[in-house]
Amino acid sequence: MRIGAIEAGGTKFVCGIGNEKGEIEERIHFPTLGPVETMDNVIAFFRDKRVDSIGIGSFGPIDLDNASPTYGYVTTTPKPGWTGYNFVGTLQSVFDVPIGWDTDVNAAALGEATWGAAHGLDSCVYYTIGTGVGVGVYIEGNLVHGLVHPEGGHILTRRHPNDDFIGICPYHGDCLEGMASGPALEARWKAKGHTLPNDHQAWKMEAYYIAQAISGVILTLSPKKVILGGGVMKQAQLFPMIREAVRTNLNGYVSAASITSDIEHYIVPPGLGDNAGLCGALALGVRALGS
Ligand code: ADP
Ligand code: ZN
């Protein structure tokens with residue numbers, strides 16, 4: 001089978017061709033422009049590729065409700081031109097193949113459960129800590145949509161005692177994304193994250209916020225693996241700090257060995273590395289085939 005995959009990000013699109021084993025055979029990327037120019041590029045890439053299905057992991061918010069008249073649309077994004085854009089319908093009008101459609105982070109969670117760090121498990125959550133903060137949720141073999149789809153990047157957090165940064169979320173100010181995204185780090189410390197030394201206090205504070213979200217998700221959904229991706233998580237020193245802060249928050253209450261004695265294998269980077277997004281879209285394409 002030849003499966004098409006689209007990682008539709010707010011700043012760049014990655015399109016690829018792969019197979020059911022999670023192997024990517026070919027890929028291209030281009031900047032995210034308006035929907036017409038961007039989709040022209042997508043369609044040009046797939047036009048002569050004879051794919052059997054296509055999976056799309058998209059920036060959002062998006063409509064995932066099969067029964068909705070706007071299923072497959074991007075709904076209310078601040079990205080110019082994309083609000084109300086019929087993403088799935090536009091592709092479907094050109095390519096008469098099954099199309100899988102979900103959020104970029106749900107796609108990444110599915111990719112990790114299929115071929116990556118959560119392989120063989122029936123649940124995981126996937127956080128991206130990048131330009132924004134997003135969370136994908138895979139529970140008991142299903143990607144969770146619920147009312148809209150999880151938006152765990154915007155939960156409210158308890159402020160660090162030494163932090164007087166007001167936060168940058170245009171909706172909530174000091175929500176998780178407002179305090180811990182890459183742009184929030186940069187605004188608080190007046191320097192890009194990758195320029196701050198490993199022992200800078202920024203990282204303890206960053207871990208403090210991320211660990212609150214993870215503790216909450218452990219208590220709420222009880223996932224079997226927590227995967228942390230995105231540009232900010234390239235700072236590998238964050239992992240031990242986050243694990244320690246999660247253990248402090250939970251204080252022995254969740255008595256699972258994964259947390260009490262093996263947390264190094266419980267809160268982990270993506271097994272698929274930088275391919276987590278595109279492989280996630282590929283996994284959606286495989287699933288769209290119904291196999
Ligand atoms: P996007 O979220 O747009 O898909 P990324 O996941 O790469 O892209 O996130 C970009 C954000 O991550 C930027 O704010 C950038 O400053 C930050 N970032 C990227 N690389 C690093 C790094 N090595 N250390 C700290 N922050 C980083
Ligand atoms: Zn917010």
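Buried means under 20% relative accessible area, exposed means over 50%, and partly exposed lies in between (1.4 Å probe, protein chains only). The model is predicted, with local features needing pLDDT of at least 70 and side-chain atom pairs counting only at pLDDT 80 or more, while totals for chains, interfaces and linings use all residues. Residues are numbered from 1 along each chain as its sequence is written, ligands are numbered from 1 in the order in which they are written, and side-chain values use heavy atoms, leaving out hydrogens and water.

**Exercise 1.** Find the protein donors of the zinc ion (ligand 2) and classify their arrangement.

Step 1. Donors are N, O and S atoms within 2.8 Å of the metal (3.2 Å for Na, K and Ca), and here they are His154 (ND1), Cys169 (SG), His172 (ND1) and Cys175 (SG), at 2.1 to 2.4 Å from the zinc ion.

Step 2. Along the chain these donors follow the spacing H-x14-C-x2-H-x2-C.

Step 3. Four donors count as tetrahedral if all angles lie between 85 and 135 degrees, and because the 4 donor atoms subtend angles of 103 to 120°, the arrangement is tetrahedral.

**Exercise 2.** Decide whether histidine 172 and cysteine 175 are buried, partly exposed or exposed.

Step 1. Histidine 172 has 38% relative accessibility, so this residue counts as partly exposed.

Step 2. Cysteine 175 has 0% relative accessibility and therefore counts as buried.

**Exercise 3.** List the residues that leucine 228 contacts, leaving aside its neighbours within four places in sequence.

Solution. With contact meaning heavy atoms within 4.5 Å, leucine 228 touches Tyr127, Ile210, Ile214, Met233, Phe239, Ile242, Ile267, Val268, Pro269 and Pro270.

Definitions and conventions
Tetrahedral: all angles 85-135°; square planar, octahedral: opposite > 155°, others 65-115°.
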